[in-house]
Amino acid sequence: RIVNLPFTPVTHESLPFKAAPGQMTASEIMAARILTKILKGRRYAILGHNIAYSVSPQMQGAAFEAVRLPHQYGRADVEKVEEFVESEFFQDSLFGGCSVTIP
């Protein structure tokens with residue numbers, strides 16, 4: 001169940017019984033995937049220029065934390081997309097994606 005990424009059967013924490021023997025909750029599966037490094041923390045960011053005002057890192061970071069995902073969300077303040085594409089952040093194997101705002 002832990003290594004079956006696309007079709008993992010789960011049960012819900014609120015049910016008074018397990019639907020099938022050995023069935024785990026989504027939280028249990030996610031915790032096991034994190035502990036066994038099956039799910040690696042990814043790095044995400046908001047991409048744009050003059051974006052210090054953005055609350056996206058706090059908002060997205062709180063969402064990751066709420067669902068216990070090991071990801072990070074930051075800012076990529078660049079004037080040109082080429083700068084970002086050439087950056088260490090973008091080329092890192094843990095790069096997960098970004099949100100784009102007005103440059």
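Is Asn-50 buried or exposed? Asn-50 is exposed, because its relative accessible area is 53% (buried means under 20% relative accessible area, exposed over 50%, partly exposed in between, with a 1.4 Å probe and protein chains only). This is a predicted model, in which local features need pLDDT of at least 70 and side-chain atom pairs count only at pLDDT 80 or more, while totals for chains, interfaces and linings use all residues. Residues are numbered from 1 along each chain as its sequence is written, and side-chain values use heavy atoms, with hydrogens and water left out.

**Sheet and helix**

- Three strands form an open sheet in the order E2-E1-E3, with parallel pairing (strands are DSSP runs of E with at least two residues, helices are runs of H or I with at least four, and both are numbered from the N terminus).
- Strand E2 (72-77) and strand E3 (95-100) are at the edges with a single partner strand each, so one side of each has no neighbour in the sheet.
- On average, neighbouring strands of this sheet are turned by 30° against each other, direction ignored (axes are lines fitted to C-alpha atoms, for helices over the stretch in contact, and angles run from 0 to 180 degrees between N-to-C directions).
- Strand E1 (residues 43-48) runs parallel to E2 and is joined to it by six bridges (two strands pair if DSSP finds at least two bridges between them).
- Arg-43 has Gln-72 in E2 as its bridge partner.
- Helix H2 (residues 56-66) lies across E1 and E2, and runs at about 160° to E2.

**Loop residues with positive phi**

- Most residues other than glycine have a negative phi.
- Lys-37, in the loop between helix H1 (26-35) and E1, has a positive phi near 65°.
- Lys-37 counts as exposed because its relative accessibility is 59%.
- Asn-50, in the loop between E1 and H2, has a positive phi near 55°.

**The segment before H1**

- Thr-25 lies in the segment before H1 and counts as buried, because its relative accessibility is 8%.
- Leaving aside neighbours within four places in sequence, Thr-25 is in contact with Thr-11, His-12 and Glu-13 (contact means heavy atoms within 4.5 Å).
- Val-3 is also found in the segment before H1, and is exposed because its relative accessible area is 65%.
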